[in-house]
Amino acid sequence: MNILNVSGSPHVHSDESTKKIMWRVNMALVPALLCAIAYFGLPALLVSLVSVASCVLFQWLIEKFIMKVPTSIGDGSAVVTGLLLAFNVPATAQMLWIVVIGALVAIGIGKMSFGGLGKNPFNPALVGRVFLLISFPVQMTTWPVAEGLFPMGFDVPTGATPLGAFKEGALGEGVTFMDAFLGHIGGSMGEVSAIAILLGACYLLWKKVISWHIPVAFIGTAFLFSGILWLIDPTAYMDPVMTILTGGIMLGACFMATDMVTSPMAKSGQLIFGFGCGLLTIIIRNWGSYPEGVSFAILIMNSVTPLLNRWFKPTRFAV
Amino acid sequence: MKTFRMGGVHPEENKISNDAAIEVMPVGKQMVVLMNQHLGAPATPVVQKGDKVKVGQLIGEAQAFMCANVHSPVSGTVLKVDTCKDAFGMAKPAVYINVEGDEWMETIDRTPDIKRECTLEPQQIVAKLKEMGIVGLGGATFPTHIKYSIPEGKKAEYLIVNAAECEPYLTSDYRVMMEHAEEVCIGVSILRKALGVPNAYIGIESNKPQAIAKMQEMAKQFEGIVIEPLKVKYPQGAEKQLINAVTGRKVPSGKLPIDVGCVVSNLGSCFAVYEAVQKNKPLIENILTVTGKELPSQHNYIVRIGTTYNEIIKHSIGALPETTGKVISGGTMMGKAVVNLDAPTVKGNSSVLVMGEKEARREPETNCIRCGKCMEACPMGLEPYLFSALVKNGRTEEAREHNILDCIECGCCFFSCPAHKPLTDEIRLGKNRVRAMMAAKK
Amino acid sequence: MTQQILIAVLVLGALGIIFAEVLYIVAQKFKVVEDPLIDEVAEVLPGANCGGCGKAGCRAFAEACVAQHSLDGLRCAPGGDAVAAKIAELLGCAVEQGEPMVAVVRCNPANCGDKRRSNYDGLRSCAFQNTVYTGESGCPFGCLGCGDCVAACQFDAIHMGPDGVPVVDADKCTACGACAKACPRRIIELRNKGKKERRVYVSCVNKEKGAVAMKTCANACIGCGKCAKVCPMEAITVEGNLSYIDYKKCIACRKCVTECPTGAIKDVGFPAPAVKPAPKAAEAPSAPAAEKVEIPVAEKVEVKQ
């Protein structure tokens, strides 16, 4: 006689899994990765590889020797963290060893110290990035500038990002909307090309990994708020289109703020979350000491996510 | 096309037994009739060892309020009145009958003629339903006569018939519509009369276009029957969701459908009502689907209640395939996994669903990644992920505050959870704890 | 420079004084007058907050003790007599000596492991599994094996055994009763530890008829009543197809153990397995063996049929 399985209903599953979700996010990051390699050449590829490899390695080591639990590197979440971390640093040769430290902080402190995937309150890649930004300010702000496609070699010319230049008083001259849209600007690896990011985001939306709420609220708020400031004084403030195309807003809104673990569950909460991210980003950019504020904005909003989960509940069927 | 307002999922439909006409399952040598085949208290046996019984004779009488009569599905001699293990291995009071011949009660009209006219008054109809032991055949086996005894101060405005059959695999309702459309419509008219409502709505999911066409054709001949095609979405057939889909009304938390003027009956029940009222035939048969992807053939049967699972399997497919992993009574979303195949079937069993070993196994559970898919899928707008954590940590009071009792246990949360967390199980556990806590407070 | 340091010291010092004043006033104004005895009693309690006494925690127990100024109806099982004596001393009241108790799991796994009829694939919770079906063994009274008792234990004294039925570590068990409460099938019972830690109990709670029970488990109690007949102390009662040994009357002579046809009765803590006594020289072989061992180890000695 067969031994029958018994469980409570339901007896079928949609076949959706954490692993699938994570690998879809990785898929969605591929266009931006290709763009980065195209603009920044070999360093971009190497930094990405080192970052991903060290994230996976650290997760494996921590799970195996410290937490003593079955390893979960196959679920692809460490790869996501590695890629996002790499996307957030400049593609220069000196980043190769720094990004390893970033990976240790991202995985070790950002994720595993809370108990692993799903339990971290902050986006691990951003924790790593902010740690690096504060610890290695010079290396982290030495931005390579893309000149032509597929530069080979390590001595890529460096320069300021449009945001950095703006902060210094130069209004990002010579940078057109098209440059910013395609990625012909200085910046960290993954954030330069808006089109590549949007391509990835569309894939995630299609696969229902993310919903439109956070990206739209984030970018929309940033656009509106910076637009108001620009209308008040176009010489002191950046114009809104440029604002959302440069810096990390696109990358942050589509891939970092939408991180399931650290963003609110209810749609209404997600809108507030996106709104907060957008508002804080513009505030930090204009009145903070750093030229870019996306990472800080998202981390700050991450910290209020539990509160948003508590305040914003889904609509009940009937009260 | 109409549907309910929020949540829901779309599991693979797998209606592979759609085209199998209803066959009659032969009667076995011995029948075991359980005394609680319905929601509520068990019926009290009114026969003793050695008694001769006929098909349709009362053998278990409803003495409690929430109870239904049980009738003999066969003729023969009562072997004993004892306990019998049900499909889940739990002992239940039962009457064992040795089958001798097939002699029916004289009052039962066994002619194939269809009788349209019903002269009974509403109260008489309800009394008849009680006498014939009719229960809801949608799965909950709620005694029908209680549902149709509208309490003082309430008024029914809509009769809604659930023919959505949103559960994957099940096709018994579909076959009944295809083969007994007229009887079903008469049954619906009788229930409409019992309630005194102007219109009855039959909700059918749009993945059954032939049934919709057939029923629409038939409904033209009857007054006040409206066929309502519905979008294919699970749990379309859940009571509150169906009411919402058809009427737009929302049954408030902790209230019953009658509080918004609705009464919902299953399509199979309507067929049983027709037979009970017009033909005097008690509920002694189930219409049951035998299906599964790995089975050599798919079937729909009329089965006498009390036939064991093993007899059904033996007659339909010979034996369970080697690769069988799970046998389910009911659909894959809300059916119950059967462990004791020697157990007799009871009222409301709608299928014997055989799942393969691979399909049947649940994936190991991983950490919640707070993706919110359970919340999106929940048709009641609840937060299954939160219940999971609250139940795990024994925070029963908070679970109650977050309306855990609103859960209809449709299983959409587990179905959509990428971490494979047994959310529905946890919520059921939580509901039990909340009920125990509330009972203790009283 | 000096001026800056001076300003900092003064500002911080002033702030410190102001806050200290505020704290002092608030502490005085909202002082809760509490019997200092409660603190003293709470101090001697084990502090595990196991809830075995029926109170919300150790402090609540201490409050109850002080409130009624006696130990009537109050007993801290984990603390045992030692703690009871200390509390009695603090309260200045008399104390009843309780018999040391231990949790006992009354389900016999020996034969049901390989007779598994199903594979439970749902939530790992006995309370939930109990609502789904009989459990993997097919016995509607038997252990479900998901470890609700293990999770409930605050003292790490109960663990899942290799055959899927929990095993109590008698040394760690404080008889708080948390496991017994957690078990949805009421399999776990608190029984006395017995002289020299020797105990005899019916390791089954199946109330089905003998033939039905035997079908699911070869070690089930079938309610035959042989044990009750052989018991010299009339400690055994058979009710609803199930026999029960009253531990207050049992002298652990083990006559029932050898008499039981299914091996449902277990003996624990004895140095040698029970042997059916020869018709005349009753108990002769086992008695001297028992004397050799000074402190019997609380081991499970299973009866093989």
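Modeller: Let us begin with how much of the chain lies inside: in this predicted model, buried residues make up 55% of the 319 residues in chain A. To count as buried here, a residue must have 20 or more other C-beta atoms within 10 Å of its own. As for overall dimensions, the C-alpha atoms of chain A fill a box of roughly 80 × 50 × 30 Å along the principal axes. A compact globule with 319 residues would have a radius of gyration near 20 Å, and chain A, with 20 Å, agrees with that value.

Turning to the elements, chain A contains 14 helices and 3 strands. Its domain assignment gives domain 1, covering 19–139, and domain 2, covering 212–309. The centres of domain 1 of chain A and domain 2 of chain A, taken over C-alpha atoms, are separated by 22 Å. Where the two meet, 12 residues of domain 1 of chain A are in contact with 12 residues of domain 2 of chain A. On the side of domain 1 of chain A that touches domain 2 of chain A, the elements that give two or more residues are helix H3 (77–87) and helix H5 (124–135) of chain A. Of these, H5(A) gives the most to that side, with 4 residues. By class, the residues on this side of domain 1 of chain A divide into 8 nonpolar, 3 polar and 1 charged.

Strand S1 (residues 4–6) of chain A is joined to S2(C) by 3 bridges, and the two run parallel. Within this pairing, A:Val6 stands opposite C:Tyr120 in S2(C). Strands of a sheet pair through backbone hydrogen bonds, either parallel or antiparallel.

For the strands elsewhere, we can go to chain B, where an open sheet of 3 strands has the order S3-S5-S6, with antiparallel pairing. Strand S3 (44–45) and strand S6 (70–71) of chain B stand at the edges with a single partner strand each, so one side of each is left without a neighbour in the sheet. Strand S5 (residues 58–61) of chain B pairs with S6(B) in the antiparallel sense over 2 bridges, and B:Leu58 has B:His71 as its bridge partner in S6(B).

Another open sheet of chain B is formed by 6 strands in the order S1-S14-S13-S17-S15-S16, and its pairing is mixed. Its edge strands, each pairing on one side only, are strand S1 (22–24) and strand S16 (336–338) of chain B, and the twist averages 35° from one strand to the next. Strand S13 (residues 285–291) and strand S17 (residues 351–356) of chain B pair in the parallel sense over 3 bridges, with B:Leu353 in S17(B) as the bridge partner of B:Thr291. Finally, helix H3 (residues 172–179) of chain B lies across S1, S13, strand S14 (299–304) and S17 of chain B, running at about 120° to S13(B).

Methods
Residues numbered from 1 in each chain as written. Chains lettered and ligands numbered in written order. Predicted model: local features only at pLDDT ≥ 70, side-chain atom pairs only at ≥ 80, totals over all residues. Domains from an automatic or database assignment. Contact = placed C-beta atoms within 7 Å. Nonpolar A, V, L, I, M, F, W, Y, C, P; charged D, E, K, R; others polar. Rg over C-alpha atoms; globule rule 2.2 N^0.38 Å. Buried ≥ 20, exposed ≤ 12 C-beta atoms within 10 Å, placed from the backbone. Pairing = 2+ DSSP bridges. Axes fitted to C-alpha atoms, helices over the stretch in contact; angles between N-to-C directions.
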